[in-house]
Each structure stands twice: as structure tokens, then as C-alpha cells.
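I opened my notebook to follow one part of this fold. Here is what I looked up, entry by entry.

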Amino acid sequence: MRRNRGNRSEKGMKILDVAIPVVCIGIILFSGFNLYKIYKNYAEAEAIYNGIALYVKEATSSTSEDARAMEKAGFPYLDVDYASLLDINPDFKGWIYFPLMDLSYPVVIGDEDFNYLHVAFDGTKSSSGSIFIDAWSNPDLKDMATLIYGHNMKNGSMFGSLKKIRTGDVDVTDDPFFYYYTPTKAYKCHIFTYYLEDVRGKTYNCPNDKKTYDEYMDYVLGKNEFEGGPDTVDLSHRPKLVTLSTCSGRNSGKRTVIQSVVEDTYEYGDDLIIDETFSIPETADGQ
């Protein structure tokens, strides 16, 4: 008996008529759930850091003598409640403030490099994580080079706004400074390079003597995309370097890097700029 191929085709089409909408609905529901999770994570992180921001107040020269002194020295004045922030997190080391990017966050350091990759300042799990100093760097910027990491969040939070510098959406020449505040000192960091770096690039191999410093500087200047940036800073005395690093696209293996020199250091109480030029050790061959 010959089978009716027409009936088989009709049954197949009916199955497809049902299956395709079901699959589409499934995809929509899955995507919607993921969007909900992303939104929820962003909202939770925003709530955490909005609460932390209450411990820091921006002030002007009309507020206090301390504010007037710092402004005269060329530093924005931030009234940071260090004691309360240390009570919340003993790993708290300082506060980073980047006026041009509207970036203002506490900075922590962990026992290992990525302790705070998915942990917020208050210790809760968070996809936004924290702004953190490399575990091998000195949190008081006493090293020749200091690395500071933060997530490239899609909503622009954490270090998510830094990519705008490379894309040209923000002109860093308008205000090329960010600031790092500790309980005893404030540091003025002058941006002179930015570029795209490989996750295992030499940018993350910090120098520790004159020879490696000069080699390091040759490398970063060779990658630099900031036209004229190096000409705006004095590199002759081998100043301290502070590097901000963030991801450049998910799973890209690339990092957006913003580099600066510590141009000035302000010591609280003395109302002055201090010279923190460090003595760079010689290499074994005396270079």
C-alpha cells in the first residue's frame, strides 16, 4: 500500500507551525530573564555605591580653610570620612576622583589580584565588583608604577566611561587629571597616554629600576594613541606612574588602558605640595 506523502508533508508543516512560535517565545523569555538579571545587578550595585558616596562630600573654597588650601594647591577638595569607610571595609585604601568622567569611587586592595573582581565594596557579591589596586602594588603609590582595575560596565559605572576617551566621545585634553585621596595625602595624576592593550601585555609588568623603567616607558609610548599627550608632562625625572585598566569588550582579551604620571602630591595639615621623587635603584650592571 502506497503511503500518502501529501499527508506527511502537511503533518510536518503543522509541527513546524507549532514549534517555531514556541522556540521564539522561549528565546524571548530567556532574553528577557537575562535582561532582568542585568538590570537587577546594575540596580543593586548602584544602590550600594550611592550609599557609599554619602561618606564623601565635594567642597569648594568657600566651605573651609582646608578646602581653600587644597584648591590653591590645584587640588579639588573632597571631605572623605575615612574612619567610617574603613569600618565598612578594612581593605579600603583611598578614593579615586576623575572630574571629567564624573567618576568617584572607593579603592580597595585584596590579598590576591582579583579578590574584588565580583565583590562590591560592602562585601556583597556583585557583577560590578570594586575599583581595586593590583595586589602587588603599594596602595600609597610608593612604587614606580601602580595598577588600578575596574569593570567596563555597560551603564558607564565603575570604569565603564573610560572607553569614551579612546573613542573620542570625550576630549581628555579638556581636563586630563584624576585624583587619588588617602588619609594623609592627595595625588594629582596627569594623563599622558591611552591605548588598547592585550590582557597579557607588557603594560602589566611594572618596572622596578632605571633600566626596566626606561624600557617600560619606551613600550607604552610606542602604543600610545593620545596625540601630543606625552608632551604635556615632564618625563625626564622618571615620575611615578598610575595606570587605570578595564576590559574592552567581553571576552575580547583586550584592555583599555589610561596612564598618568603623579604630577603633584599634597600632604594634609602642612598645606603644601611635597616632592615625592623616589630614588630609583640601579640594576646589577649599574645602568
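I began with how strand E3 (residues 92–98) meets E7 in this predicted model. The two pair in the antiparallel sense, over three bridges. I looked up a single position next. Opposite Tyr 180 in E7 I found Ile 96.

Then I turned to E8. Strand E8 (residues 185–198) also pairs with E7. I noted the antiparallel sense again, here over five bridges. I asked which residue of E8 is the bridge partner of Tyr 180. I found Tyr 187. I also checked the link from E7 to E8, and it is a hairpin of three residues.

Next entry: is E7 buried or exposed? I went through residues 177–181, and five of the five are buried. I call a residue buried when its relative accessible area is under 20%. So I wrote that E7 is largely enclosed by the rest of the structure.

I then sorted E7 by face. In a regular strand, side chains alternate between the two faces of the sheet. On one side I listed Phe 177, Tyr 179 and Tyr 181. On the other I listed Phe 178 and Tyr 180. They are all buried, so both faces of E7 are covered.

Last entry: Asp 140. I located Asp 140 in the loop between strand E5 (131–133) and strand E6 (145–149). Its relative accessible area is 31%, so I marked Asp 140 as partly exposed. Leaving out residues up to four places away in sequence, Asp 140 touches Thr 182 and Tyr 187.

Definitions and conventions
Residues numbered from 1 in each chain as written. Predicted model: local features only at pLDDT ≥ 70, side-chain atom pairs only at ≥ 80, totals over all residues. Heavy atoms only, no water. Buried < 20%, exposed > 50% of the residue type's maximum accessible area, 1.4 Å probe, protein only. Helix = DSSP H or I, 4+ residues; strand = E, 2+ residues; numbered from the N terminus. Pairing = 2+ DSSP bridges. Contact = heavy atoms within 4.5 Å.
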